[in-house]
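Okay, thanks for making time, everyone. I'd like to walk you through a few residues and then the ligand, so let me put the structure up.

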Amino acid sequence: MESHRHNVVLIGFMGTGKSTVGKFLAKQLNWSFTDTDAMIEQKEQMTIAEMFEARGEAYFRSLETKTIEELLAEEHQVLATGGGAVLAEKNRSCMLKNGFVVAFIASPEAIIRRVSSDQSRPLLQGNLDERVHSLLEQRKQAYDFAHMTIDTSELSPERIARIIMKRLKAIQLKAMP
Ligand code: S3P
């Protein structure tokens with residue numbers, strides 16, 4: 001088996017469903033699931049919002065890189081990464097080298113609907129509609145490097161997990177002699 005199939009890395013803008021789908025997918029694969037944001041919060045004993053406030057975004061980004069590197073040294077896991085994890089080239093190459101990278105995209109409406117119930121994201125403070133549109137514009141091509149892209153706007157987490165499972169099986173079959 002090629003190395004990239006030993007992990008699945010979920011990338012995508014905030015509110016595209018990475019954590020929710022990741023849990024389903026990990027269960028189906030019988031692999032472990034880790035949300036890198038949750039892991040960083042646990043390590044630092046503070047929320048990401050508190051971290052941005054007390055230490056700044058750069059501090060969070062360096063922890064994010066470290067966490068991704070450490071986790072991807074292991075195998076058989078599904079990782080849900082933060083929406084900005086793809087901005088560093090170092091993170092992108094680590095993901096591509098060690099995992100099957102799946103990008104989730106969604107319409108601005110679906111994103112706004114999903115994130116509006118959670119006020120904790122530091123980059124979405126202020127006018128939510130405006131913040132989402134402006135960040136989506138800034139990150140227009142940021143998720144394009146993935147092996148596979150899924151528009152999650154209208155799909156249930158179970159359905160998305162099934163689509164990924166199907167693709168993983170297809171890759172495996174192709175690799176067989
Ligand atoms: C961020 C996304 C967040 C979190 C942090 C920064 C981003 O993760 O890592 O608030 O830059 O897009 P989610 O995508 O899980 O919300």
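Let's start with threonine 152, which is buried, at a relative accessible area of 1%. By buried I mean under 20% relative accessible area, with over 50% being exposed and anything in between partly exposed, using a 1.4 Å probe and protein chains only. Quick housekeeping: this is a predicted model, where local features need pLDDT of at least 70 and side-chain atom pairs count only at pLDDT 80 or more, while totals for chains, interfaces and linings use all residues. Residues are numbered from 1 along each chain as its sequence is written, and side-chain values use heavy atoms, with hydrogens and water left out.

Back to threonine 152: you'll find it in the loop between strand E5 (148–151) and helix H8 (157–175).

Next up, proline 108, in helix H6, residues 108–115. This proline counts as partly exposed because its relative accessibility is 23%. Setting aside neighbours within four places in sequence, proline 108 contacts Val132, His133 and Leu136.

Now serine 19, which sits in helix H1 (18–29). An unreviewed UniProt entry annotates Ser19 as "binding site"; bear in mind that such annotations may be inferred rather than shown by experiment. Serine 19 has a relative accessible area of 25%, so we call it partly exposed. Beyond neighbours within four places in sequence, serine 19 is in contact with Phe33, Asp35 and Ala80.

And then the ligand. Which residues are closest to it? Of the 13 that surround it, those are Lys18, Asp37, Arg61, Arg121 and Arg139, counting a residue if one of its heavy atoms lies within 4 Å.

Looking at individual atom pairs, a side-chain N or O atom of lysine 18 is 2.5 Å from a ligand oxygen. For aspartate 37, a polar side-chain atom is 2.7 Å from an oxygen of the ligand. Glycine 83 uses its backbone instead, with a polar atom 2.8 Å from a ligand oxygen. On its own, the ligand has 390 Å² of accessible area, and the protein covers 94% of that, by the Shrake-Rupley method with a 1.4 Å probe.

Technical notes: Helices (H or I, at least four residues) and strands (E, at least two) are DSSP runs, numbered from the N terminus. Contact means heavy atoms within 4.5 Å. A polar contact is a pair of N or O atoms within 3.5 Å; within protein, one must be able to donate a hydrogen and the other to accept it, and residues adjacent in sequence count only if both atoms are side-chain atoms.
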